[in-house]
Amino acid sequence: MIRREDNIAWLYINGEERLCTRNLAKGGVYGERIIVYEGEEYRVWDPFRSKLAAIIIKGLKNMPIKRGTSVLYLGASTGTTVSHISDIVEDGIVFAVEPAVRVARELLEKVVKKRKNVIPIIEDARKALYHSIFGKVDVVYCDIAQPDQTEIALMNCKNYLKEEGYLMLVIKSRSIDVTKEPKDVINEEISKLRMFEISESINLEPFDKDHAMVIARYSSRSSKNIL
Ligand code: SAM
């Protein structure tokens, strides 16, 4: 073990430092390597498969997702990243939104069945209304690769994000406007986050091309509207 912060750990594996999460359930989710260290299972977290792993490896300074955190995750897909967040939050909760039924079936089989802290929501995040969520969450995580992804994220924040909570927004510049420079698209999207203080903006290369993740704190002190 090199170091561990709550359920996120760095382990030495074959002479390399690897990012891992302490496994909340038994066994793997997507074929990831499992290491047993001092009697506990750790799942190796692949930055080429998960953008959250990529930003941690790239030096994220303030990680808003910790043990006990409640997360509204938009674009859960088959649950690769959701499963690692489930490890991290442990006694917190992850509301996993995914509208594609075939994909969601895999999410249910591989993740939800084995993890009590993941609540599936088979809905379009555009509606931004979910019957299974009461109250507000600490973090809205959005990775839906849609041209209007920022507007969708903001609608969800308006309805579900606590004051001083964090938005973690994956910006895929190519799915917003292929004709513009990725940097310009990312800056344009950031300018829409008027009610937020930008905490960090991290380019995902070399793990993902033309992607960035913006981490922003919802600030009620601003007099502007969220949308
Ligand atoms: N976040 C996932 C991970 O790291 O494991 C990968 C997400 S993948 C890039 C994008 C996902 O967003 C797809 O599964 C897609 O079905 C979903 N998606 C697209 N439009 C959506 C919408 N309007 N509401 C919710 N999810 C959406």
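Visitor: Is Ala9 buried or exposed?

Guide: In this predicted model, Ala9 is buried, and its relative accessible area is 0%. The cut-off for buried is under 20% relative accessible area, so the value for Ala9 falls in that class.

Visitor: Where in the chain is Ala9 placed?

Guide: Ala9 belongs to strand β2, which covers residues 8-13.

Visitor: Which residues does Ala9 touch, not counting residues up to four places away in sequence?

Guide: Ala9 touches Met1, Arg3, Arg4, Arg18, Leu19, Cys20 and Tyr42, with residues up to four places away in sequence left out of the list.

Visitor: And how many residues apart in sequence are Ala9 and Thr21?

Guide: Ala9 and Thr21 are 12 residues apart in sequence, and their C-alpha atoms are 5.8 Å apart in space.

Visitor: Turning to the ligand, which residues come nearest?

Guide: There are 15 residues around the ligand, and of these Tyr73, Thr81, Glu98, Asp124 and Asp143 come nearest.

Visitor: What lies 2.7 Å from an oxygen atom of the ligand?

Guide: That is a polar side-chain atom of Glu98. As for nitrogen, an N or O atom in the side chain of Asp143 is 2.9 Å from a nitrogen atom of the ligand. Ala125 contributes through its backbone: one of its backbone N or O atoms lies 2.9 Å from a nitrogen atom of the ligand.

Visitor: What share of the ligand's accessible area does the protein cover?

Guide: On its own the ligand has 600 Å² of accessible area, and the protein covers 81% of it.

Visitor: Now the chain as a whole. How many helices and strands are there?

Guide: The chain has six helices and 12 strands. Its radius of gyration is 17 Å, close to the 17 Å that the globule rule gives for 227 residues, so the chain is as compact as a globular protein of that length. Along the principal axes, the C-alpha trace spans about 50 × 35 × 35 Å.

Visitor: What percentage of the residues is buried?

Guide: Buried residues account for 52% of the 227 residues in the chain. The accessible surface of the chain is about 10,900 Å², and 49% of that surface belongs to carbon and sulfur atoms.

Visitor: Finally, what share of the contacts between residues at least 6 apart in sequence joins residues at least 24 apart?

Guide: The share is 60% of those contacts in the chain.

Technical notes. Residues numbered from 1 in each chain as written. Predicted model: local features only at pLDDT ≥ 70, side-chain atom pairs only at ≥ 80, totals over all residues. Heavy atoms only, no water. Near = heavy atom within 4 Å. Polar contact = N/O pair within 3.5 Å; in protein donor to acceptor, adjacent residues only side chain to side chain. Areas by Shrake-Rupley, 256 points an atom, 1.4 Å probe, with all protein chains shown as cover. Helix = DSSP H or I, 4+ residues; strand = E, 2+ residues; numbered from the N terminus. Rg over C-alpha atoms; globule rule 2.2 N^0.38 Å. Buried < 20%, exposed > 50% of the residue type's maximum accessible area, 1.4 Å probe, protein only. Contact = heavy atoms within 4.5 Å.
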